[in-house]
Amino acid sequence: MEVGFLGLGIMGKAMSINLIRSGFKLTVWNRTLSKCDELVELGASIGETPAAVVKKCKYTIAMLSDPSVALSVVFDKDGVLEQICHGKGYIDMSTVDADTSSKISEAITSKGGSFLEAPVSGSKKPAEDGQLVILAAGEKALYDEAIPAFDIMGKKSFFLGQVGNGAKMKLVVNMIMGSMMNAFSEGLVLADRSGLNPHTLLDVLDLGGIANPMFRLKGPTMIQNSYSPAFPLKHQQKDMRLALALGDENAVSMPVAAAANEAFKKARSLGLGDLDFSAVYETVKTLEHSS
Ligand SMILES: NC(=O)C1=CN([C@@H]2O[C@H](COP(=O)(O)OP(=O)(O)OC[C@H]3O[C@@H](n4cnc5c(N)ncnc54)[C@H](OP(=O)(O)O)[C@@H]3O)[C@@H](O)[C@H]2O)C=CC1
Ligand SMILES: O=CC(=O)O
């Protein structure tokens, strides 16, 4: 059975490589064609457009940057919608908001296709290691059909019911993560400015009740001012923005997340959007200096 994959960025590349190495027959598409080369060397075919991929495949997975891209790949000329039909599935694993996911779902199902949203928690390394956490919602039959692929890409899959629930769960998780990253950055600055060794702070944190993989992974590189992108900061800011909109809709006051969003926006305005989201540390350091 041929499976399609649209979007070979940091995440899509790692996820599709795992699928092909595990024996899936893949047809791939990426806006920047050269990013398909490594997949082709591993045995994948190239589809010239999203529509061409869908035409060939029983179901097609997408891993794209944001809501506007997720929509354009479905609705624009040569998009998914041109070839989706009864018997074909579309699985969007990008992080988007529930409205975007619902629009895509309605369009796909109105043409007889089936739809699943399946955003993931976990970054570049978990994607490479097949250790993502998959937050699926939508058509249960498509979820069941995709389980063999999910089991390769992830360590655990959740089926969360109706379309939108996967998107919302992902946004809540990333809202917490973005707020934590800001608190962590402030702590590193505070330790440094008050004469403490930040490496010792990392050791202390790692032994206590707030030890976590993110502090453990990002702390040492942040201290070295090294921000090679695993999770691009522009995507984290997009997730904060979408989570805050979800808070607006539900009248949930989120002052901590709002402040974190401002720091990510500031970092983007300083040209740090393509670096890892931990580069928000640079903004926190700068704000500290200017006060
Ligand atoms: N990186 C991470 O740690 C994680 C990311 N995510 C989410 O997964 C999604 C992908 O993230 P990631 O792989 O890091 O992002 P990247 O920025 O590395 O990749 C983005 C992908 O979207 C494509 N794209 C961007 N703009 C367009 C466009 N106008 N038309 C068509 N395709 C386009 C890119 O194509 P091109 O190569 O041509 O630019 C690329 O394939 C995002 O929603 C992100 O929030 C979720 C969990 C973890
Ligand atoms: O969306 C990012 C992640 O690390 O999960």
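**Helix packing and ligand contacts in a predicted model**

Q: Which residues of α8 and α11 meet each other?
A: This model is predicted. From α8, the residues in contact are Lys168, Leu171, Asn174, Met175, Met177, Gly178 and Ser179. On the side of α11, they meet Gln236, Asp239, Met240, Leu242, Ala243 and Leu246.

Q: How many nonpolar residues does the contact of α8 with α11 have?
A: The residues of this contact can be sorted by class. The contact of α8 with α11 has 2 charged and 4 polar residues, and its nonpolar residues number 7.

Q: At what angle do helix α8 and helix α11 pack?
A: Two packed helices are described by the distance between their axes and the angle between them. Helix α8 covers residues 165-193 and helix α11 covers residues 233-249. Their crossing is left-handed. Their axes are 8 Å apart, and the angle is about 115°.

Q: What percentage of the chain is helix over residues 164-282?
A: An unreviewed UniProt entry lists residues 164-282 as "domain: 3-hydroxyisobutyrate dehydrogenase-like NAD-binding". Over this range the end C-alpha atoms are 34 Å apart. The chain here is 0% strand, and its helix content is 71%.

Q: What percentage of the chain is strand over residues 2-161?
A: For residues 2-161, the unreviewed UniProt entry gives "domain: 6-phosphogluconate dehydrogenase NADP-binding". The end C-alpha atoms of this range are 26 Å apart. Helix makes up 41% of the chain over these residues, and strand makes up 24%.

Q: Which lysine has a side-chain N or O atom 2.7 Å from an oxygen atom of ligand 2?
A: The residues surrounding ligand 2 are Ser121, Gly122, Ser123, Lys170, Asn174, Met177 and Phe231. A backbone N or O atom of glycine 122 lies 2.8 Å from an oxygen atom of the ligand, and a side-chain N or O atom of asparagine 174 is 2.8 Å from an oxygen atom of ligand 2. At 2.7 Å, the side chain concerned is that of lysine 170.

Q: How far is an oxygen atom of ligand 1 from an N or O atom in the side chain of histidine 235?
A: Ligand 1 is surrounded by 25 residues, the closest being Asn30, Thr32, Lys35, Ser123 and Lys238. A backbone N or O atom of methionine 11 lies 2.8 Å from an oxygen atom of ligand 1, while a polar side-chain atom of arginine 31 lies 2.9 Å from one. For the side chain of histidine 235, the distance is 3.0 Å.

Technical notes
Residues numbered from 1 in each chain as written. Chains lettered and ligands numbered in written order. Predicted model: local features only at pLDDT ≥ 70, side-chain atom pairs only at ≥ 80, totals over all residues. Heavy atoms only, no water. Axes fitted to C-alpha atoms, helices over the stretch in contact; angles between N-to-C directions. Helix = DSSP H or I, 4+ residues; strand = E, 2+ residues; numbered from the N terminus. Left-handed = near helix turned anticlockwise from the far one by under 90°. Contact = heavy atoms within 4.5 Å. Nonpolar A, V, L, I, M, F, W, Y, C, P; charged D, E, K, R; others polar. UniProt positions renumbered as here; feature names shortened; annotations may be inferred. Near = heavy atom within 4 Å. Polar contact = N/O pair within 3.5 Å; in protein donor to acceptor, adjacent residues only side chain to side chain.
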